[in-house]
Amino acid sequence: MPNSGSESSFDLLSELDALSRRLDPGPEDRRQSTRLVAEHVHAYLDALPDAPARFDRPDGGSRIREIPVSEDGIGLEAALDLLREHVDAVGLNPTSGRFFGYIPGGGLFTSGLGDWMAATTNRYAGVFFASPGAVRMENALIRWMADLIGFPETAGGYLAAGGSLANQTAIVAAREAKGVEGAAIERSVVYLTDHAHHCILKALGIAGLRRSVVRTVPVDERYRMRAEALQELLSTDRENGLTPFMIVASAGTTNTGSVDPLDAIADLAREYDAWYHVDAAYGGFFRLCAETFPETADLLEAMSRADSVVMDPHKTLFVPYGTGALIVRDRRHLLDTHSMDADYMQDTRSADHEDSPADLSPELTKHFRGLRLWLPLQAHGVAAFRAALSEKLLLARYFHRRIGELNGFEAGPEPDLSVVTFRYVPAAGDPDDFNRRLAGRLQRDGRVFLSSTQIEGRFTLRLAAVCFRSHREHVDEAIDILRETAAELEAER
Ligand SMILES: Cc1ncc(COP(=O)(O)O)c(C=O)c1O
């Protein structure tokens, strides 16, 4: 490297220029790269109907670790070959209609196109001044969700990276709003059931609230929070000089899809002046199904009475992973917690016509997440989402009925939403052991994917109908495979 500052040091510029331009391919190269990538994606999607829901690859794609990041690269075609072999065809396949595990994700094709545009146009969606269009779009999506919940005009929120981060942001806002700090932490009580998602406890720890008191409220036979038990806990805590700080209700638990009695809990939150948070990461968007499933929409109606609600578009609006949403009844709580100034940001304050995500969330520079949601909503219309969600509610009821009728199987409670729990009751032997082996064999087989959980200490299987590609034929296939596999295991004894 020549001395910097000498004339000859600048001769290097033409060499650097030539090399660095590799990063900015010209029109023909760009089009050729796009064709290659499009072909990769189409081949993936064309093969999807016959692809397993889990790839049982013992090597687990480990070869990808051996590919060095080299000075000259390997070129796009070779990179795509590696992706196809060692990433696309390894592990779980949540794009499959036969994927019923956990809370299945989506991956709408139109979202993929939105992501491609968001990445290549790289709008700065954190700050209104930088990209008023992108920020307005994201704020409009939040407003659309606030209307769905029934929140007033004061509401605000942001598109988070997922449900965990959205829940965490809500908890931090609640902590600030209720002034839970210092000695108050140990006297502050959080109420939830043991079916609440574990990200809530994780978030309490991250938010510095590990020493707060956590009360596990008993559930009823459908795994919904028992409001009268909550009332007892609240009243005893208050009598004992503790402060009810926050009640976390679930609108669709991960385990069973149960919806806590949101209205009764809202009454108690008001009476005890506790922050009311509803984790509707999975269930919130089922509110869209009010016409076909009015009773389901009714279960969700009192989300409108919460202080904060989390809903995950990367679950029940089928967009790719990396999109949650937090909506807070009074946006000032988010602004109070997250709005910051810095000298180098002074220009951005010249245009503050709308809230910036950076002032409502822990993030500054962030992906333009809105486009992956806005584009499919605009392209396909809400009716398509409504139909897909109603279909999932109906599929869950269909599966619940059929599995309950199947010899040897025992269905859990009627589903509130689209998760059904069940297990096989073997003619003899330990049911937990049988169901563990049943889950293991199903997962190794991989044609369908169902995950398992523990409910009241019992090994339980569950089917979550969430993927937009899941239709009746996939549920029928799951039932056939379950019947077949249980019979095989019974015969082996
Ligand atoms: C009810 C509920 N809350 C929160 C989460 C966490 O969301 P994420 O995985 O997007 O961080 C999940 C994930 O499945 C969930 O089901």
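How much area do domain 1 and domain 2 bury between them? The two bury about 2400 Å², with 66% of it on carbon and sulfur atoms. Buried area here is the accessible area (1.4 Å probe) that two parts lose on being put together, summed over both. In domain 1, Asn 255, Phe 293 and Phe 318 lose the most area to domain 2, together 26% of what that side buries.

This is a predicted model: local features need pLDDT of at least 70, side-chain atom pairs count only at pLDDT 80 or more, and totals for chains, interfaces and linings use all residues. Residues are numbered from 1 along each chain as its sequence is written, and side-chain values use heavy atoms, leaving out hydrogens and water.

The domain bounds come from an automatic or database domain assignment.

| Domain | Residues |
|---|---|
| Domain 1 | 116–381 |
| Domain 2 | 383–492 |

The C-alpha centres of the two domains lie 30 Å apart. Contact (heavy atoms within 4.5 Å) links 30 residues of domain 1 with 25 residues of domain 2.

Two salt bridges are counted between the domains. Such a bridge puts a side-chain nitrogen of Lys or Arg within 4 Å of a carboxyl oxygen of Asp or Glu. Arg 222 forms a salt bridge with Asp 416; their closest N and O atoms are 3.3 Å apart.

Which elements give two or more residues to the side of domain 1 that touches domain 2? They are α10 (294–301), α11 (313–316) and α14 (370–380). Helices are DSSP runs (H or I, at least four residues), numbered from the N terminus. α14 gives the most, with three residues.
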